[in-house]
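Subject: Predicted model for your review

Dear colleague,

Please find below the sequence and structure that I am handing over to you. A summary of the findings follows.

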Amino acid sequence: MIHEPARLLLMANLYVVESADFLFLMRQTGMTFGNLSSHMSKLEAAGYLDVEKEFVGKKPNTKLSLTRMGRQAFEVYRKNMQQLFTDVPTGSPTGVSGDDGNGYWSW
Amino acid sequence: MSGDFDLDGIERRAYLTYNEDGLLDIITGFMMAFIGYYVLSKVDVPFAPFLAIFGPAVWASLKKAVTEPRIGQVKFGPGRRSRQQKAIMIFAVVVNVLMVLSFFVDTGSILGPWGATLSTYGVILVGSGVVSLILFTIGHFNEVSRFKGYAAISVPMFVVSHFLADPALDLFEKLALVLIPLGLLMMAYGIVTLWRFVRKYPKLEDVEIDA
């Protein structure tokens, strides 16, 4: 669920704050309305996201925050990824480097 | 993917976006220029409570009217709030120290030889030690590096004021001669920053952001 890059970005942005509204997350993640809305629904359905709809003046406002389960899931995912990359041996066994010589890496 | 996330970087980026609007520069600059004007005009009206209330209130209103419709609302975590509380504490301590110092300068001999030094070099000592420190503190705790720049600019301004200002002026009038141009400079830079912010983040239509 979290591994998908856009959802990971959304989770990371929500992890570092208490709450943020839809517009703020659109700005921070660079996602479109539809894209963010779709990922938001999936995370909400998984129980990772708390979505609160309210009116600010006469305008609708959607406030998002991570649930306790969402925070725990993000922390576990983060630890797993750290462990994974710690366990990967340095240097390529084939002797082939991903560096194409131009300062870029190809995968 | 590196296997670790720069969460501090993400949080900092969110915070800086929220403070990219130049409103802090405009409000702080206005307050400084106003204090300078007030001192030079010698109007006998207690303005401090008005500034203390209206400054933050105007800032909060502008934030709601200008910033939030463009980049949205965010509530930062306890770590960030604690940094801001520290800044406010330091600000309050420095302002109180300034008030006590000004009392001693006014009453003359209590500080003895220190009082004489303070009277002679007060614009440099109080200016750099208090005004520049306040600007640096705001810049440091709010992570708005422009304010460290204002602090750096203010020091030579206080030195110049000490040597060039009319010797007949008292300490506060010499300080005011720096506060006005410095405040106007901050307001001007704040307005430029705000103009850039408004261009970078245009208002989105309600239909685009209502989830």
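Strand S2 (49-56) of chain A and strand S3 (residues 59-66) of chain A run antiparallel and are joined by eight bridges; helices (H or I, at least four residues) and strands (E, at least two) are DSSP runs, numbered from the N terminus. Within S3(A), Pro60(A) is the bridge partner of Phe55(A).

This is a predicted model, in which local features need pLDDT of at least 70 and side-chain atom pairs count only at pLDDT 80 or more, while totals for chains, interfaces and linings use all residues. Residues are numbered from 1 along each chain as its sequence is written, and chains are lettered from A and ligands numbered from 1 in the order in which they are written.

The open sheet has four strands in the order S2(A)-S3(A)-S1(A)-S1(B), with antiparallel pairing (two strands pair if DSSP finds at least two bridges between them). S2 of chain A and S1 of chain B stand at the edges with a single partner strand each, so one side of each has no neighbour in the sheet. From one strand to the next, the twist averages 20°.

The contact comprises 26 residues from chain A and 22 residues from chain B, with two residues in contact if their C-beta atoms, placed from the backbone, lie within 7 Å. On the chain B side, H1(B) gives the largest share, five residues.

Kind regards

Definitions and conventions. Axes fitted to C-alpha atoms, helices over the stretch in contact; angles between N-to-C directions.
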